[in-house]
Amino acid sequence: MDDAVKQQIVNNLREVYDPEISLNVYDLGLIYDIEISNTQCNITMSLTSAFCPMADQIVADVESAGMQADGIEKCDIKITFDPQWGPEMISEDGKLLLGIF
């Protein structure tokens with residue numbers, strides 16, 4: 001069941017966009033880890049910059065994406081900058097969407 005719920009969360013995260021880059025947070029490589037324990041999910045993520053002006057909105061949207069998965073009643077978000085995000089973390093699909101080769 002956890003795998004199916006985790007996949008739902010990933011699908012939901014693909015609907016959360018960084019407004020400055022126009023790519024979803026999952027393919028952008030901002031999601032470092034998703035853990036599920038009973039009815040709680042814990043998402044570890046980063047931001048493209050520690051000074052991201054949209055940080056609060058992005059974090060709220062990520063939390064909402066976690067909460068929308070079946071059976072999830074609580075979603076905690078941990079922000080980390082270790083490792084620091086860089087363009088090399090963008091998924092292959094994301095690179096294609098952005099035209100980065």
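1. Helices (H or I, at least four residues) and strands (E, at least two) are taken here as DSSP runs, numbered from the N terminus. On that basis the protein chain comprises three helices and five strands, and its elements follow the order α-β-β-β-β-α-β-α from the N terminus on.

2. The model is predicted: local features need pLDDT of at least 70, side-chain atom pairs count only at pLDDT 80 or more, and totals for chains, interfaces and linings use all residues. Residues are numbered from 1 along each chain as its sequence is written, and side-chain values use heavy atoms, with hydrogens and water left out.

3. Overall dimensions. The C-alpha trace of the protein chain spans about 40 × 25 × 20 Å along its principal axes. The radius of gyration, taken over C-alpha atoms and judged by a globule rule of 2.2 Å times the number of residues to the power 0.38, is 13 Å for the protein chain; this agrees with the value near 13 Å for a compact globule of 101 residues.

4. The sheet. Three strands form an open sheet of mixed pairing, in the order β3-β4-β5; two strands count as paired if DSSP finds at least two bridges between them. Its edge strands are β3 (31-37) and β5 (74-79), each pairing on one side only. From one strand to the next, the twist averages 15°.

5. Six bridges join β3 to β4 (residues 40-45) in the antiparallel sense. Among the bridge partners in β4, Met-45 faces Ile-31 and Cys-41 faces Ile-36. Two residues lie between the strands of this hairpin, where Asn-38 takes a positive phi near 55°.

6. Helix packing. Angles run from 0 to 180 degrees between N-to-C directions, with axes as lines fitted to C-alpha atoms, for helices over the stretch in contact; contact means heavy atoms within 4.5 Å. Helix α1 (residues 2-13) packs on the sheet and touches β3 and β4, its direction making about 140° with that of β3. Helix α2 (residues 55-67) lies across β3, β4 and β5 and runs at about 145° to β5.

7. Of the 101 residues, 37% count as buried, that is, under 20% relative accessible area, against over 50% for exposed and in between for partly exposed (1.4 Å probe, protein chains only). Of the contacts with a separation of 6 or more, 60% come from residues 24 or more positions apart.

8. The core. A nonpolar core is a set of buried Ala, Val, Leu, Ile, Met, Phe, Trp, Tyr and Cys residues joined through side-chain atoms within 4.5 Å. The largest has 26 residues, and those with the most contacts inside it are Ile-9, Leu-13, Val-25, Ile-31, Ile-43 and Val-62. At least two residues of this core come from each of α1, β3, β4 and α2. Not counting residues up to four places away in sequence, Ile-43 touches residues including Ile-9, Ile-31, Val-62, Cys-75 and Ile-77.

9. Ala-65. This residue lies in helix α2. Ala-65 is buried, with a relative accessible area of 3%. Leaving aside neighbours within four places in sequence, Ala-65 is in contact with Asn-12, Leu-13 and Val-16. The C-alpha atoms of Ala-65 and Arg-14 are separated by 9.0 Å, although the two are 51 residues apart along the chain.
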